[in-house]
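Hi,

Here is the model I promised to pass on.

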Amino acid sequence: MKIYINGEYYDKADAQISVFDHGLLYGDGVFEGIRIYNGRVFKLKEHIERLYQSAKAILLEIPVSNGGMEEAVIGAVKINKKENGYIRLMVTRGEGLLGIDPTTCRRPTIIIIVSDIQAYPEKYYKNGIGIITASSRRIPSDCLDPRIKSLNYLNNIMAKIEARQANCLEAVMLNKEGFVTECTGDNIFIVKNDELLTPASYQGALDGITMSTVIDMANSLKIKTLKTSLTRYDIYNSDECFLTGTGAEIIPVIKIDGRVIGNGRTGAITRRLIKGFKELVMEF
Ligand code: PXG
């Protein structure tokens, strides 16, 4: 494994950054998780664009152009000879003094790790999963815009711990008004009366790239879609439910907080979207 740090490649054992890097000290930085399918990087432009938008929002100037970053990612995939896998692209504020002041950081740290994907077992895609609602809430969007994919995931981690303690893979996070936002690392969709609904980003959802891909796919299948406000009641009484994310792709949800969704099996629209997504990643 060759890891890219600021334009150089290092073996895993030698890939090190300073303990004074503000990415480590304060979670000050942004990141992307990206998939490689058949040697090609899926939705690379979209991921790079989101990375730069996250960086802009936190006043982090990335010292490489968008095109240069795309080339760096493709270069890292090539050097690692990865046909199918996962890319973790990170830009931290860089090394600075102790103290949160980012003006002490002279140069951002750019890191690209190309690795294998930790996929969920196939049975979950067929049979669906059960999830819970976490008591840990999403950071309010007027405090930190949920579209910023920052290196600080602490309250999502707290919600993930709740999911694991309940023997679940994922947990729904509500915003402070009690509306559904998303899961700890996945967006959430429901199907109600043949319409596809997902929480809007103003409610606290990350603008997921898999989410956008699914919405595009649904539109071309003439399935109506809507970004809106959803409560737990809407999920409990939905016909179908599924999660989307770079890692999970599309994963059906058949139970939440002890309530069975629909008939307790992966729904017909979910199955069509899973099939469509599989075809898409084979041929993009
Ligand atoms: N919500 C949150 C909070 C996320 O972190 C998504 C939704 C789905 O977005 P995309 O663009 O991937 O469809 C994410 C994505 C990881 C990892 O290593 C996390 C994500 C993606 C890939 C890997 O934990 N989060």
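Below are my notes, from the overall shape down to single residues.

First, the ground rules: this is a predicted model, in which local features need pLDDT of at least 70 and side-chain atom pairs count only at pLDDT 80 or more, while totals for chains, interfaces and linings use all residues. Residues are numbered from 1 along each chain as its sequence is written, and side-chain values use heavy atoms, with hydrogens and water left out.

**Overall**

The protein has eight helices and 15 strands; these are DSSP runs numbered from the N terminus, with H or I of at least four residues for helices and E of at least two for strands.

Of the 284 residues, 50% are buried (buried is under 20% relative accessible area, exposed over 50%, partly exposed in between, with a 1.4 Å probe and protein chains only). Among contacts with a separation of 6 or more, 69% join residues 24 or more positions apart (a contact means heavy atoms within 4.5 Å).

H2 (residues 44–57) has 14 residues and reaches 20 Å between its first and last C-alpha, close to the expected 20 Å (1.5 Å times one less than the number of residues). Its buried residues include Leu 44, His 47, Ile 48, Leu 51 and Ala 55. An α-helix has 3.6 residues a turn, so residues three or four places apart point the same way. The buried residues of H2 pack against strands S3, S4 and S5 and helices H3 and H6. After H2 comes Leu 59, with a positive phi near 55°.

H6 has 12 residues, and its end C-alpha atoms are 17 Å apart, which agrees with the 16 Å it should span. Among its buried residues are Ile 209, Thr 210, Met 211 and Val 214. Just after H6, Lys 222 has a positive phi of about 65°.

**Single residues**

What does Thr 244 contact, leaving aside neighbours within four places in sequence? Its partners include Thr 210, Met 211 and Val 214, along with Asp 186, Phe 189 and Glu 249. Thr 244 lies in strand S13 (residues 240–245) and is buried, with a relative accessible area of 0%.

Glu 249, one of those partners, is in strand S14 (residues 249–256). Glu 249 is buried at 17% relative accessible area and has a positive phi of about 65°, although it is not a glycine.

Asn 6 also has a positive phi, near 45°. Asn 6 sits in the loop between S1 and S2 and counts as partly exposed at 24%.

Ala 268, in helix H8 (residues 268–283), is partly exposed, with a relative accessible area of 44%.

Finally, Leu 24 of helix H1 (residues 22–26) is exposed, at 58% relative accessible area.

Best wishes
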